[in-house]
Amino acid sequence: MVASLSLPRILRVGRGAAGELGDVVMGLGLRRPLLVTDAFLAGTGAAQRLMETLRDAGLQPRLFAGTVPDPTTDSLDDGLTVLREHGADSVIGFGGGSPMDTAKALGLLGVQGGHMRDYKAPHTNLGPALPVIAVPTTAGSGSEATQFTVITDSATDEKMLCPGPAFLPVAAVVDFELTLSMPARLTADTGVDALTHAVEAYVSRKANPFSDGLALNAIRTIGHHLRRVYADGEDIEAREAMMLAATQAGIAFSNSSVALVHGMSRPIGAHFHVAHGLSNAMLFPEVTAFSVHAAESRYADCARALGAATDGDCDATAAEKFVAALRILCQDLEVPTPQAQGIDKAEWFRLSPLMAEQALASGSPANNPVVPTAEEIQDLYAKIYA
């Protein structure tokens, strides 16, 4: 099998990398970037510090801080207006997955126009688009290195997966210092998100040797460091390790795919406004238990990388230990059930058939070791509720 591989042209990784953002943009021959972020990062002064870095490099940046969690098609309108007023020649996504996804969407719409629903899966978007430079502030989404964006259709509440090289950042600046202020809940949710990316990349039907190595290394790193950084957000070694693992997991799944967890997670976020990493965490153990029998050796490799099994365990035993380890991990990280999160039971079950349809329509479940029916997806939603 020939694997088709894509990753950012430029990766600056390490402590202080954010200070080199201006050099990266200048080196790409760009002059008028639009810095896309959210109100929180604007309020902390972090966005202004990046703006100063850009100005010091001789650039003419403009700030757009109107990103919302789980960006919607409506939320893109103001950004497009600012993008066009500025005459931007590039877009910088600064923040977690939502600002980076917003930046990717603006980069495409700013050139091609139309509506995001025109670009959702199974359509593959080749461009053209404005160049995107990604600067992540969470160790989780991996969006800085992926050829995907996820935007919710405001008219239908469908969380649309939009794939293709047009969404791949041309550069990523990965600086773990930007994650030092993350609270414990966000640290846990984004960490499990990164672990989900790595595991699904490895067990995906589209896995390949390139993505395999990155995925296993990310699993190993997260296994050693996630609990540490959840317990102590100032653990510099653990913060640095998690940041690198998140980017490695992002490259891995961008070049293989995610699977059933992500397919089921997106509708939860769209309909119940649960953060993406948290909805992944809610699903991860149960979906893995559903899938594990179809790829025992692959899940066994994940178990050994995570530290949940040894080389002395047979594949079947190791795979079982992996499911158990995920359950314990989510307990240790205090991942709530949908019920504990305050989601109404009647509404959850009323929307489950629609969520199952939307999960299947995204294409991600087709990459799973077990390709589920809509009824099986509804059963999984039922199992995780309480």
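Helices α7 and α12 are roughly parallel to each other, because the angle between them falls under 35 degrees. The structure is a predicted model, in which local features need pLDDT of at least 70 and side-chain atom pairs count only at pLDDT 80 or more, while totals for chains, interfaces and linings use all residues. Residues are numbered from 1 along each chain as its sequence is written, and side-chain values use heavy atoms, with hydrogens and water left out.

## Helix packing

The two helix pairs are set out below. Helices (H or I, at least four residues) and strands (E, at least two) are DSSP runs, numbered from the N terminus. Axes are lines fitted to C-alpha atoms, for helices over the stretch in contact, and angles run from 0 to 180 degrees between N-to-C directions.

| Helix pair | Angle | Distance between axes |
|---|---|---|
| α7 (residues 209-231) and α12 (residues 315-332) | about 15° | 11 Å |
| α6 (residues 184-203) and α9 (residues 260-272) | about 140° | 9 Å |

The residues involved comprise 2 nonpolar, 3 polar and 2 charged. In this classification Ala, Val, Leu, Ile, Met, Phe, Trp, Tyr, Cys and Pro are nonpolar, Asp, Glu, Lys and Arg are charged, and the others, Gly among them, are polar.

Leu-226, Arg-227 and Tyr-230 of α7 make the contact with Ile-328, Leu-329 and Asp-332 of α12. This contact of α7 with α12 has 4 nonpolar, no polar and 2 charged residues.

## Two buried threonines

Thr-67 belongs to strand β3 (residues 62-67). Its relative accessibility is 9%, so Thr-67 counts as buried (under 20% relative accessible area, with a 1.4 Å probe and protein chains only). The side chain of Thr-67 reaches the backbone oxygen of Thr-37 at 3.0 Å. Apart from residues up to four places away in sequence, Thr-67 touches Val-36, Thr-37, Asp-38, Ser-98, Pro-99 and Thr-102.

Thr-138 is located in the loop between β5 (132-136) and β6 (148-152). Thr-138 also counts as buried, because its relative accessibility is 11%. Beyond its neighbours within four places in sequence, Thr-138 is in contact with residues including Gly-95, Gly-96, Met-182 and Met-243.

Note on methods: Parallel < 35°, antiparallel > 145°, perpendicular 65-115°, else oblique. Contact = heavy atoms within 4.5 Å. Buried < 20%, exposed > 50% of the residue type's maximum accessible area, 1.4 Å probe, protein only. Polar contact = N/O pair within 3.5 Å; in protein donor to acceptor, adjacent residues only side chain to side chain.
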